[in-house]
Amino acid sequence: MAAPAVTLRTPAAELARPSIGFWSDALHRIRHDPVTMASLAVLAAMVLLAASADLLAQHVFRFTFTQQDLLRTWEKPTLDEPAYWLGGDNLGRSQVVRVLYGARISLFIGVFGALVSMGMGIALGLTAGYFRGWWDDVVVWLVTTLSNIPILFLLIMIGLYFRLDALSLSILIGMLGWLGIANFARGQTIALRDREYVQAARSVGASAPRIMLRHIFPNIVPLMIVLAMVDIGGIILAESALSYLGFGVQPPQPSWGNMLSGATAFYFKGPHLIVVPGVAITVTVLCLYLVGDGLRDAFDPRLRGSIGVSHGGRNE
Amino acid sequence: MGRFIARRLVQAIPTIFGIMIITFALTRLSPSDPVTIMLGNNPDLTEEDREELREKLGLNDPLPVQFVRYVGDTARLDFGTSFRHNRPAIEVIGERLPNSLQLSVASLLLAIVVSVPLGLIAGVKRGRIADQAIRGVSVLLHAVPLFFLGLLFVLVFGVGLGWFPVGSMNVIGESCFFCWDRVWHMAGPVIIGATGGIAFIPRVLRTEVLEILGQDFVRTARSKGLRERVVLARHVFRNALIPIVTLFGGILTILLGGSVIIEQVFNWPGLGRLLFDAANSKDYPLVQASVLIGSLLLVVSYILRDLAYAWVDPRIKAG
């Protein structure tokens, strides 16, 4: 009787797993996280719809965002005519079209404002944490001062003095929203600046900018991406609040916030005019926060619950 | 404690200085000329009249001189004169401030009453359905704009069901600060204001509970045979509640910032509403005074928070 053919498998061969890098590992985790994937899909759809607002308005809804139809004011949502899928407003304008153009404004302000605040926060936080000394004192002083001013108060005051368009509004909100990011970047930099590998880089003569950009910054990139998601959401909320009050994006340009600014008149005649823009803001911001949380868990499961929405609080 | 208080007060000076630089700079950078704002385009006034007013207001002085005068005026509690009310801005603000504080304090209390049990449950039942649900609700509350939540509240409970009044502080003809009528009118704004805190206090408490559950003294308490209930109540919860004190300052920021929104939605005549109206009627001195006073309130609330924290947790004083 022949001995059964047994192929010997070494434990090592069984355990061997192709080594993968940080980013592909994170990608793998995200792919298996249904909540994050669903949120990403919603956001992608939102961006796509916002980007094709012109096309959709022309060819599907056949309505511009300023076009009025005074015979159809307060039109309830109806399936009969594409332009009134989500109803008409107090001037008979198509709410679908206005929500689409509002998405453009909100997403643009959110993303651009986040770029500004991330840029400022990272630059100030990194340099303050690395150089310490008087520069650190200045940055900390700025952070304390700004965090002691109610931001919405300040935005209203600025809105009163200067005429703001979408671009200047996003820059402005970004310039006031970098505090949390700077704090975080500064703390991380202080923790890393005396590590051995940074000392090694310094001892072979690397310049300060090089150390900051090549040796410290890459370490905080993953967490900065998480904070960016939260930041975009917070800025969209801040913009909508400001526009709701009438000091943000000015009509006739529709934004999700200013569509709600006459809302008291809508209570009886058109509740859909309150619900639609409000839900649009909520869903967008919620998806951004969920993606932020998902990315955080994907980058480093140990961080679960440490930063992100549960840490930051509202941006108002 | 005396030294701690003194140190904390001194620390506030540069912050107040910074706030004043910002409010001052904004007013001076503004493209609108204060004299034109005050006089309008009245054709009866000659250029000499305008120049005279400018000189009288000190607008021709160098900026540093103007700034020093601004600091001096503020120190004497002179915040300028409101255009619209034609009275000192501080008087107008002083009338509205109690209404805002009443709303903020009530919202704060409600937020804590709701959040503390939620946070403790989430921490103890980590990973269970209750924890997941609390986490979900907190993310959702973060994402909803306050004004949308407020409008929905009015739409459903005010206009739809008629349970709560749609706006203002008292029924017509009545005017009282502490009474059931006021409580009834406050319900809406307070519930909406509290959501700002409910969105994040439970998460903070949960983290705190989890951290304390891993401490040695908890293991000791368990190993000497204490019932789990006693361990939680005496050892875990008492320690976990310490940081609630630190949250006061942060929540006040949210409440004050949100006050413009909430007072606007519920038509509540407080500081936020005053700022809104002042900005709409281009009452520049009143806007400037509101921003400055709102910021000073925050500075004071942060100081009180730090003192309270040092009082509850003596380790802080050393640091």
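How many residues does the contact take from chain A and from chain B? The contact (heavy atoms within 4.5 Å) takes 46 residues from chain A and 56 residues from chain B. This is a predicted model, in which local features need pLDDT of at least 70 and side-chain atom pairs count only at pLDDT 80 or more, while totals for chains, interfaces and linings use all residues. Residues are numbered from 1 along each chain as its sequence is written, chains are lettered from A in the order in which they are written, and side-chain values use heavy atoms, with hydrogens and water left out.

**Confidence**

- The predictor gives the complex an ipTM of 0.86 and a pTM of 0.87.
- For chain B, the mean pLDDT (the predictor's confidence in each residue, from 0 to 100) is 83, and 93% of the residues reach 70 or more.
- Where pLDDT is low, the predicted coordinates should not be read in detail.

**Contact between the chains**

- About 4,700 Å² of area is buried between chain A and chain B, and carbon and sulfur atoms give 76% of it. Buried area is the accessible area (1.4 Å probe) that two parts lose on being put together, summed over both.
- Between the two chains the count is one salt bridge, that is, a side-chain nitrogen of Lys or Arg within 4 Å of a carboxyl oxygen of Asp or Glu.
- The side chains of A:D293 and B:R135 meet in a salt bridge, at 3.6 Å from N to O.
- A:D293 and B:R135 also belong to a network of salt bridges that includes A:R296 and A:D297.

**Chain A as a whole**

- Chain A has 14 helices and zero strands; helices (H or I, at least four residues) and strands (E, at least two) are DSSP runs, numbered from the N terminus.
- Of the 316 residues in chain A, 52% are buried. Buried means under 20% relative accessible area, exposed over 50%, and partly exposed in between (1.4 Å probe, protein chains only).
- Among contacts in chain A with a separation of 6 or more, 70% join residues 24 or more positions apart.
- The accessible surface of chain A comes to about 14,800 Å², with 66% belonging to carbon and sulfur atoms. Such areas come from the Shrake-Rupley method with a 1.4 Å probe, and for residues only the protein chains shown count as cover.

**Salt bridges within the chains**

- Over all chains, the structure holds 16 salt bridges.
- A:R186 and A:D136 form a salt bridge at 2.6 Å, N to O. This pair links distant parts of the chain, helix α9 (residues 179–192) and helix α6 (residues 133–147), with the two residues 50 residues apart. A:D136 counts as buried because its relative accessibility is 4%.
- In chain B, the side chains of B:D131 and B:R206 meet at 2.8 Å, N to O, in a salt bridge. B:D131 lies in helix α6 (residues 129–143) and B:R206 in helix α9 (residues 201–213), 75 residues apart. Both residues are buried.
- B:D216 forms a salt bridge with B:R219, the closest N and O atoms being 3.0 Å apart. Both lie in helix α10 (residues 216–223) of chain B, three residues apart, about one turn of the helix. B:R219 counts as exposed, at 56% relative accessibility.

**A nonpolar patch on chain B**

- B:M1, B:I5, B:L9, B:W311 and B:V312 form a nonpolar patch on the surface, with about 500 Å² of accessible area together. The elements giving two or more residues to this patch are α1 (2–29) and α14 (284–312) of chain B.
- Patches are made of residues with over 30% relative accessible area and no salt bridge; like charges are joined within 9 Å, and nonpolar side chains (Val, Leu, Ile, Met, Phe, Trp, Tyr) within 5 Å.
- B:M1 sits in the segment before α1 of chain B and is partly exposed, with a relative accessible area of 39%.
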